[in-house]
Amino acid sequence: MRIINIGLLGFGTVGTGVAKLLIENKELLTARVGAHLNLKWIADIDTKTDRGIRPPDGVLTNDADRVVCDPEIDIVIEMIGGEGIAKDLIKKAIENGKHIVTANKALLAGHGNKLFETAAQKGVDLAFEASVGGCMPTIKTMRESLVANQIKAMTGILNGTCNYILSKIADEGITFQEALAEAQKKGYAEADPTLDVGGFDTAHKIAILTALAYGMEINLKDVYVEGISEITPLDIEFAKQFGYRIKLLAISKFENNRVEARVHPTMIPSGNLLASIKGTVNAITVSADAAGDILLYGHGAGMMPTASAVLSDIVDIARNILSGTARRIPALSYQRDNIRKIPILPMDDLITHYYFRFSALDHPGVLSTISGIIGKYGISIQSVHQKGRKMNGAVPVVMLSHRAKEADVKRALNDINALDVVSNDAVLIRIENEKRDSNTQG
Ligand code: HSE
């Protein structure tokens, strides 16, 4: 039986999961692939720590170069992460004719276009199922299951740490800082949580999916990003009263020949399927012209769920090798010649519903001053709520708008923030309604 040799770079959490599956599910994999998937090397700077599995003797090395240069290696699995050494090793492995499997969304979002080009020149596959949504088959779904569809929109919860934090604030009324501390204690959030809570990890993922969906290169800089660190229990409570939940959503749409891609805290109706996704799991809805809406749900991170996605790539490549082929499925879903530039909708042109919260003095005329400014910019208010009564102090005044243009909203909020009767800058949270929005205001 044919042996397919695999070199694993990085023996951290996911790397360990990959090794575990290759070792413990060896028979199952052989039965399904029709070849032996042989874990020939595991390279890591730390070859001493006990990871709870015992790789066969002679497999562990701290020389990553040895792995990417070994002529017997067919597939290199990059589980190091980051954009430094990981990129150099992938490049070297591609140059040496190895197929690559990676979960490294930051690397692909920043340097994917170039890496895919290099892989194409060398005739090897660069597979990345685990880079978006852990075990959820997002890449496979976009590239294979929905291949006959025009993708219209994607809306996803793609960061488990943020979803855990927002779920905690909603369920327990604790602050962002308290929820983040719990996420860190449980090992969900990194010591430096910026990548997660700043929305950047989600942006990496939606940048990749946006490219696949509409046939463009990966353009991270075109993704608008806002994180969750300003979300308060008060806004979550108001959201509940209006029948909404707040989620960090990745939203990507193709409308009127323009693409919009944005990541920000979003109010969604509590009856929306994504509103019920709690804790560290991920979910994404994809709207496609023939299939309609589909929902994927699953663990977006963690040792074994992510390893499961990595193994699906390994098996795809192994099957290609066995049938003497490679690059059967284009990396970005479209043939390279058909990848085009599509205009991006600037955030200022976005038209959506908004939630505003002002801290306003509870004086006669204050509300009409605020609404006057909002009216001046052509923004139509759907409802107004004032909570509590505090003479000479600030009270929260909440307004929900009809569909309005982001540029007008920004101008109105600038004027309102400058008023003496308003303390603190206004809070703005965009609302995504169930019915797909058409591009008209009011
Ligand atoms: N840190 C991410 C999360 C997983 O919390 O979902 C890796 O992208």
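Visitor: Which residues of helix H8 are buried?

Guide: In this predicted model, helix H8 spans residues 176-185, and its buried residues are Phe176, Ala179, Leu180 and Ala183.

Visitor: How should I read that spacing?

Guide: Start with the general idea: an α-helix has 3.6 residues a turn, so residues three or four places apart point the same way. Now the case here: the buried residues Phe176, Ala179, Leu180 and Ala183 cover an arc of only 100° around the axis, which puts them on the same side of H8. Gln177 and Lys185, on the other side of H8, are exposed.

Visitor: What do the buried residues of H8 pack against?

Guide: Their partners are helix H7 (160-172) and helix H9 (194-197). After H8 comes Gly187, with a positive phi near 85°.

Visitor: Let's turn to the ligand. Which residues are around it?

Guide: Lys105, Asn159, Gly160, Thr161, Asp196, Asp201, Lys205 and Ala301 are the residues around the ligand. To read such a site, look next at the distances between polar atoms. For Thr161, a side-chain N or O atom is 2.5 Å from a ligand oxygen. For Lys205, the corresponding distance from a side-chain N or O atom to a ligand oxygen is 2.8 Å, and for Lys105 it is 2.9 Å. The ligand taken alone exposes 260 Å², of which the protein buries 84%.

Visitor: How many disulfides are there?

Guide: First, the general idea: a disulfide is a covalent bond between the sulfur atoms of two cysteines. With a cut-off of 2.5 Å between the sulfur atoms, the count here is zero.

Visitor: Is Cys162 buried or exposed?

Guide: Cys162 is buried, with a relative accessible area of 1%. Cys135 counts as partly exposed, because its relative accessibility is 28%.

Visitor: And where does Thr102 lie?

Guide: Thr102 is in strand E5, residues 99-102, and is buried, at 0% relative accessible area. The side chain of Thr102 makes a polar contact of 2.5 Å with the side chain of Glu78. A polar atom of the Thr102 side chain also lies 3.0 Å from the backbone nitrogen of Asn104. Leaving aside residues up to four places away in sequence, Thr102 touches residues including Met79, Ile90, Leu108 and Phe128.

Notes
Residues are numbered from 1 along each chain as its sequence is written. This is a predicted model: local features need pLDDT of at least 70, side-chain atom pairs count only at pLDDT 80 or more; totals for chains, interfaces and linings use all residues. Side-chain values use heavy atoms; hydrogens and water are left out. Buried means under 20% relative accessible area, exposed over 50%, partly exposed in between (1.4 Å probe, protein chains only). Helices (H or I, at least four residues) and strands (E, at least two) are DSSP runs, numbered from the N terminus. The arc is that of the directions from the helix axis to the C-beta atoms. Contact means heavy atoms within 4.5 Å. A residue is near a molecule or strand if one of its heavy atoms lies within 4 Å of it. A polar contact is a pair of N or O atoms within 3.5 Å; within protein, one must be able to donate a hydrogen and the other to accept it, and residues adjacent in sequence count only if both atoms are side-chain atoms. Accessible areas come from the Shrake-Rupley method with a 1.4 Å probe; for residues, only the protein chains shown count as cover.
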